[in-house]
Amino acid sequence: MAVITFDSKNKDSIRYIKGIGPKRAEILNRLGILTIRDLCYFFPRTYEDRSQFLPINTVTPGSQVTIRGTVLGTSVRPTRNMTLCEMVIHDKTGSITAVWFNQPYLSNKFKQGDQVILSGKAEFYQRRIQLSNPEHEIIQQGDDETVHTGRITPIYPLTEGLFQRALRTVMKEVSDHYVAREVREFMPLTIHNNLNLMDLHQALKTIHFPETFQLLEEARKRLVFDEFFLFQLSLLSKIKASQTEGSGLPIKKNIKLLSEFKQKLPFELTTEQEKVIDEIMKPLSQSIPMNRLLQGDVGSGKTVVASFFLFLAAQSKIQSALLVPTEILAEQHFHNLSPLFQKLGISSVLLTGGLSEENKVAARKKIKTGGVQIVIGTHALLQDDVSFTQLGLVIIDEQHRFGVEQRAKLLLRKPRPHLLVMTATPIPRTLGLTLYGDLDISTIETLPKGRKEIKTYWIRSEKEPDVLEYINERIINGGDQAYVLYPIIEENEKLDLLAAKKEYERLKNGPFKKLKVGLVHGRIQKKERDEVMKDFYANKIRVLVATSVIEVGVDNPNVTCMVIENAERFGLAQLHQMRGRIGRGTKESVCFLFGSPETEEGKKRLRILTKTTNGFEIAEQDLLLRGPGDFLGTQQSGIPFFNLADFSKDQELLLLARQEALKLLESDPKLSKQEHQLLLTEIEMREKHAAALP
Ligand code: ADP
Ligand code: MG
């Protein structure tokens with residue numbers, strides 16, 4: 001290895017590594033690789049097994065092969081539009097030709113008698129078998145270690161200007177000479193030993209240049225464990241710290257109030273609803289502010305659970321807020337819940353941006369003076385000009401529609417309110433524990449009884465008239481209602497809106513000309529929208545044409561038919577949400593998807609929907625299709641921590657890591673013990689790295 005003296009300022013710079021230089025350094029920098037340590041953690045995308053040499057006479061066309069032999073000779077010849085470099089090699093069993101296109105310099109590289117290894121695809125060409133553009137490597141005398149062939153070979157992710165062979169050479173250098181210098185083992189000895197983890201240096205070297213697939217698996221296990229473990233520690237240690245700071249207002253558990261509440265409901269609570277109510281009452285009664293996720297599939301009845309806690313808080317003279325992402329949903333919740341609260345002797349108020357100034361002022365005043373206990377509204381209710389007398393509980397509905405910042409903002413309020421976030425976008429267990437590792441989770445597992453399965457069809461556009469006719473008939477003869485949904489993509493908002501309006505005109509004057517049809521979208525005036533929604537709930541409007549504003553929460557059980565246009569433009573979770581607007585009554589519901597996805601993934605998405613209505617299953621499939629990065633939008637932090645971890649395969653490791661992280665924090669909540677200093681440094685380094693990524 002070349003001896004380089006590093007000046008202290010640049011000691012981390014990757015450009016001093018043999019084979020890099022300023023130009024490649026720049027390219028790597030663009031990939032986010034700034035330091036030598038980053039390079040150590042720049043992992044192969046996949047591996048090719050080039051460790052088994054085939055006897056040359058057994059090579060068959062069409063297969064990927066690795067062979068080892070002696071060079072008989074090379075030649076270069078120009079053809080009409082390129083130069084061909086040919087080389088013949090032989091082993092004990094026979095000989096074969098390798099061909100490279102437009103790489104004439106190769107003929108000087110190989111000399112007769114050289115020992116070489118070639119890996120590539122065998123092809124049948126002009127009545128003989130040859131290897132085209134194989135990866136190649138000359139075996140030096142007495143040196144049996146190869147880089148590119150004759151081994152399990154790493155394949156790195158590339159970018160423009162970066163070539164596999166050059167990069168691999170660099171990575172071999174890094175693995176041989178820098179891993180041990182740049183990276184320090186940080187894992188506490190007890191964990192290391194108890195879990196039988198591979199040593200960090202060995203794991204990093206192995207992940208780049210594995211000797212066997214078994215060792216590779218061991219190395220991967222160690223590095224994935226690290227990712228989960230460090231992320232959990234980073235997350236949990238912060239939460240632990242903030243949980244002991246500032247205390248919340250305890251909301252007393254009260255079984256009698258629960259019975260009183262239940263008496264006022266038009267239905268019985270399901271056992272699952274009872275279960276989560278019981279689960280949530282405990283942490284609410286503590287002075288440590290609660291931080292909990294309530295998940296349950298679309299239609300599982302989360303609202304009524306939420307409303308019980310709003311009531312319970314009010315009974316303890318503690319103000320609470322129900323925060324929802326859209327005005328329509330706020331209005332609907334208010335419309336449904338305020339009569340219930342009234343029956344229970346509690347007042348509530350609506351606060352959204354769309355209210356008239358006069359109403360807003362009145363609402364704010366009531367909140368400030370304590371004249372009202374329950375506030376239902378959009379994020380307008382979190383504005384600074386809204387002050388509460390004593391805000392003790394915040395419930396966020398459809399949490400996935402809010403950014404992390406909004407939750408964070410709430411957590412910083414003093415005194416910190418108890419927080420319950422609700423989502424109908426079920427999160428696969430692994431991802432939930434990862435992204436919401438700071439939240440405790442309650443889950444409503446089943447839907448209320450009597451729900452009919454929703455039938456879902458993915459239909460060719462030529463069949464549209466038949467579908468619309470079928471719906472028309474159900475509405476006229478059965479008294480049903482329908483949604484027709486159009487996607488609005490933000491970048492395209494104007495055009496999309498235009499399209500939706502045009503379609504509305506077409507439906508109103510064509511297929512549904514006997515019916516009253518309504519239109520709602522995000523840009524509509526509040527007054528007009530109120531009218532439309534009122535008529536829709538009253539079954540005067542029979543078909544509601546809508547953009548995705550309908551996606552969240554709208555609850556009209558009489559609607560049994562849904563058409564989703566351009567379904568390929570929506571994500572799986574979103575489609576599932578939209579479909580959840582039907583199937584809420586006792587009649588059978590149908591959902592028709594129109595759309596022609598261009599990608600295989602897009603097709604799979606629609607197919608999944610036709611096969612299942614189970615949100616948890618859909619979430620798992622979604623995760624498999626898209627990976628965690630896309631899953632909850634880019635706002636969700638945490639993803640940059642994960643390089644190797646596979647959220648569907650590595651569940652066990654995640655649970656193990658979480659358990660170990662919790663155990664460790666139990667004994668050393670601030671990681672202040674001497675033996676945890678390296679661990680702390682490692683966490684900080686990864687946090688910094690994650691924050692710096694685009
Ligand atoms: P989500 O969990 O999607 O927010 P909602 O709270 O909107 O679901 O509930 C969906 C529908 O189910 C509502 O019409 C609600 O009144 C009804 N519902 C809730 N709980 C029950 C129950 N225990 N029995 C019957 N219907 C219920
Ligand atoms: Mg809801």
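A residue counts as exposed when its relative accessible area is over 50%, and as buried when that value is under 20%. Keep those cut-offs at hand for this tour of a predicted model.

**Stop 1: Lys317.** Select Lys317. It sits in the loop between H11 and strand S9, which spans 319–323. Is Lys317 buried or exposed? Its relative accessibility is 58%, so Lys317 counts as exposed. Now show its surroundings. Setting aside neighbours within four places in sequence, Lys317 is in contact with Gln373 and Gln390. Lys317 and Leu391 are 74 residues apart along the chain, and their C-alpha atoms are separated by 9.9 Å.

Stop 2: Select Phe308, Phe309 and Ile395. These residues have the most contacts inside the largest nonpolar core, a set of 62 residues. In soluble globular proteins, nonpolar side chains tend to be buried together.

Stay on Phe308 and display what touches it. Beyond neighbours within four places in sequence, Phe308 contacts Asn254, Leu257, Leu258, Phe261, Ile277 and Met281.

**Stop 3: ligand 1.** Select ligand 1 and bring up its shell. How many residues surround ligand 1? The shell has 16 residues, and the closest are Gly299, Lys302, Thr303, Arg451 and Asp555. By class, the shell divides into four nonpolar, six polar and six charged residues.

- Gly299: a polar backbone atom is 2.6 Å from an oxygen atom of ligand 1.
- Glu268: a polar backbone atom is 2.7 Å from a nitrogen atom of ligand 1.
- Gly301: a backbone N or O atom lies 3.1 Å from an oxygen atom of ligand 1.

Switch to a surface view. Ligand 1 taken alone exposes 570 Å², and the protein buries 82% of that.

**Stop 4: the whole protein.** Clear the selections and show the cartoon. The secondary structure comes to 24 helices and 20 strands. Of the 694 residues in the protein, 52% are buried. Consider contacts between residues at least 6 apart in sequence: 73% of them join residues at least 24 apart. The accessible surface is about 33200 Å², and 51% of it belongs to carbon and sulfur atoms.

Key:
Residues numbered from 1 in each chain as written. Chains lettered and ligands numbered in written order. Predicted model: local features only at pLDDT ≥ 70, side-chain atom pairs only at ≥ 80, totals over all residues. Heavy atoms only, no water. Near = heavy atom within 4 Å. Polar contact = N/O pair within 3.5 Å; in protein donor to acceptor, adjacent residues only side chain to side chain. Areas by Shrake-Rupley, 256 points an atom, 1.4 Å probe, with all protein chains shown as cover. Nonpolar A, V, L, I, M, F, W, Y, C, P; charged D, E, K, R; others polar. Core = buried A, V, L, I, M, F, W, Y, C linked by side-chain atoms within 4.5 Å. Buried < 20%, exposed > 50% of the residue type's maximum accessible area, 1.4 Å probe, protein only. Contact = heavy atoms within 4.5 Å. Helix = DSSP H or I, 4+ residues; strand = E, 2+ residues; numbered from the N terminus.
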